[in-house]
Amino acid sequence: MTSPVVLIAEELSPATVEVLGPDVEVRHVDGADRAALLAAVVDADALLVRSATQVDAEVFAAAPNLKVVARAGVGLDNVDVPAATVAGAMVINAPTSNITSAAELAVALVLASLRNLARADASVKAGKWERKQLTGVELLGKTVGVVGFGRIGQLVAERLAPFGVQLLAYDPYVSHARAAELGARVVELDEIMRESDVITVHMPKTPETTGLLGAEQFAIAKSNLHVVNAARGGLIDEEALYTALTTGQIAGAALDVYSSEPPAKSETAAKLLELENITLTPHLGASTAEAQEKAGVAVARSVRLALAGELVPDAVNVAGGALDDLVRPGVALADRLGQLFTALAAEAPEVLEIVVRGEIATHDVTALKLSALRGMFRGTVTEQVSYVNAPVMAEERGISVKLETEEESERFRNVVALRGTLRDGSVVSVAGTLSGARQEHKLVEIGGHELEVPLSDHLLVIRYVDGPGMIGQYGARLGAAGVNIAGMQVSRAGTTQGSEALVVLDLDEAAPRELAEEIGREIGAHSVHAADLVY
């Protein structure tokens, strides 16, 4: 029996190779040499890369035996995950390898901005001695706003607390109790902007968070505010930041990430290079020896699991592992239900119940719970979400998670349901099933409304008081915007006009958030939620 071939395309630590063990054949190639990569990957069972090797459909086409691609780091910009999924290759990374390094850099940038360290360094090296011009401010007694209170945001808060600061946190997906444990008070974004002397951003980049800090937010900020972004480029509107820094709306900024990297490539970002009251670093968040070592070792362990056919916690496209054949199709369903739950709830629940009903409930369905949690946190946290860190994220946010199984299911053979209780006591629930020989995802319940519609990529969920012409109004509005309705179902709470109706629209393309809000205002809807689901 031949040993699996593990192809290493970039330099990794000796510890990484050691963890792979003696049962594999390790080969090396320069991943930047395209021809060499395509030739070497033909026999590979696993491919290990960092950020320089592009792993796309062409690579998968050349690698018929490839079972797993491992990125020794957090991001996956250089790995075509959909192409990997089509090819049947598992994609894994090291989602927690750099969180300490990223948090420490954010703290360093806070201090560098307050004390003008970059300008001071350049001044002394230029033969100057500008002590008065470079007078800074202390961190002691200042109010620090942490925008995004996930794992990295919480690590930053822990490290800043000993400086004697007042901590504010903005994050719809963290409980007030968890924030209080770390000495932080949860507030809305506007309050953070008004009250903070320092703001550090730790959000994922999504359509909702892009440009999260812009002209409107800087207009209400203190003139002594310093802003730090060591998370994702584009979270801060760079044009608005430039204006705020040059007009004295805020005092300073420090960035490690940019909407275009390097920033000189972008006309907007390049203007920031001209300013003295901003500190800039070249995306150093994960650039520590420790983070690189952790990343390599972590993915090497996952590669071993994948090659052995075991559950891989850090798989980003498939659950992997020895799941029961009856359970396996439900993993993607649970993930999409988790995403839909988040879209409807718009905040983290205090309690989340995951209920699995039907014959599937006689098997081990733990993977469905993990997948539902993974889906719930997709797009709401900075870190890559995996099956192993999703429960940790729930615990960190004070979410009580319960898994229940019921062997009886009335309407369908098997059902996966999520029911979450929010901070105000309201309840959000969704349920789905797998239908037919192709195991297609069906949405069968939202908030007590029975349905049977495809759980497709783009949904629009509207609650309103039923009345004549309502369907025509939102149908016409979507049509005018060029958004096609592929299918729909209306479920009414009562039997008469005037009852609450819930409609789920299956759309061919995403409905922009602004359009959804406009539709809600025009028809007087109780709520409108656009959900764009991936897997």
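Student: Hi! How many helices and strands does the protein chain have?

Tutor: Hello! In this predicted model, the protein chain has 18 helices and 22 strands.

Student: And how does its radius of gyration sit against the globule rule?

Tutor: The radius of gyration is 25 Å, close to the 24 Å that the globule rule gives for 535 residues, so the chain is as compact as a globular protein of that length.

Student: What does the C-alpha trace span along its principal axes?

Tutor: About 80 × 70 × 45 Å. As for burial, 53% of the 535 residues count as buried.

Student: What share of the contacts comes from residues 24 or more positions apart?

Tutor: Such pairs make up 65% of the contacts in the protein chain with a separation of 6 or more.

Student: Okay, on to the inside. Which residues have the most contacts in the largest nonpolar core?

Tutor: That core has 44 residues, and those with the most contacts inside it are Leu340, Leu368, Leu418, Leu443, Ile446 and Val504. Its largest share, eight residues, comes from helix α14, residues 329–345.

Student: What about a second core?

Tutor: There is a separate one of 31 residues, and Met203, Phe218, Leu225 and Leu241 are among them. In soluble globular proteins, nonpolar side chains tend to be buried together.

Student: Back to Leu443. What does Leu443 touch?

Tutor: Leaving out residues up to four places away in sequence, Leu443 touches Leu337, Leu340, Ala431, Gly432, Leu451, Glu452, Val453, Pro454, Leu455, Leu459 and Val504.

Student: You mentioned α14. At what angle do α14 and α15 cross, and is the crossing right-handed or left-handed?

Tutor: The axes of α14 and α15 (residues 366–377) come within 6 Å and cross at roughly 35°. The crossing is right-handed.

Student: Which residues make that contact?

Tutor: From α14 you have Gly330, Val331, Ala334, Asp335, Gly338, Gln339, Phe341 and Thr342, while α15 brings in Ala367, Leu368, Ser371, Ala372, Arg374, Gly375 and Met376. By class, the contact has seven nonpolar, six polar and two charged residues.

Student: Switching to the backbone: where is there a cis peptide bond?

Tutor: Between Glu261 and Pro262, with omega at about -5°. Pro262 lies in the loop between β11 (252–255) and α12 (267–271).

Student: Which residues other than glycine have a positive phi?

Tutor: His283 is one of them, with phi near 55°. Gln439 is another example, at about 55°.

Student: Where is His283, and is His283 buried or partly exposed?

Tutor: Look in the loop between β12 (278–280) and α13 (289–307). His283 counts as partly exposed because its relative accessibility is 40%.

Student: And Gln439?

Tutor: Gln439 sits in the loop between β16 (427–435) and β17 (440–446). At 35% relative accessibility, Gln439 counts as partly exposed.

Student: What does Leu12 touch?

Tutor: Leu48, Arg50 and Ala72, again not counting residues up to four places away in sequence.

Student: And what separates Leu12 from Pro391?

Tutor: They are 379 residues apart along the chain, and their C-alpha atoms are separated by 29 Å.

Terms used
Residues are numbered from 1 along each chain as its sequence is written. Side-chain values use heavy atoms; hydrogens and water are left out. A nonpolar core is a set of buried Ala, Val, Leu, Ile, Met, Phe, Trp, Tyr and Cys residues joined through side-chain atoms within 4.5 Å. Buried means under 20% relative accessible area, exposed over 50%, partly exposed in between (1.4 Å probe, protein chains only). Helices (H or I, at least four residues) and strands (E, at least two) are DSSP runs, numbered from the N terminus. Contact means heavy atoms within 4.5 Å. Axes are lines fitted to C-alpha atoms, for helices over the stretch in contact, and angles run from 0 to 180 degrees between N-to-C directions. A crossing is left-handed if the near helix is turned anticlockwise from the far one by less than a right angle, and right-handed if clockwise. Ala, Val, Leu, Ile, Met, Phe, Trp, Tyr, Cys and Pro count as nonpolar, Asp, Glu, Lys and Arg as charged, and the others, Gly among them, as polar. The radius of gyration is taken over C-alpha atoms; the globule rule is 2.2 Å times the number of residues to the power 0.38.
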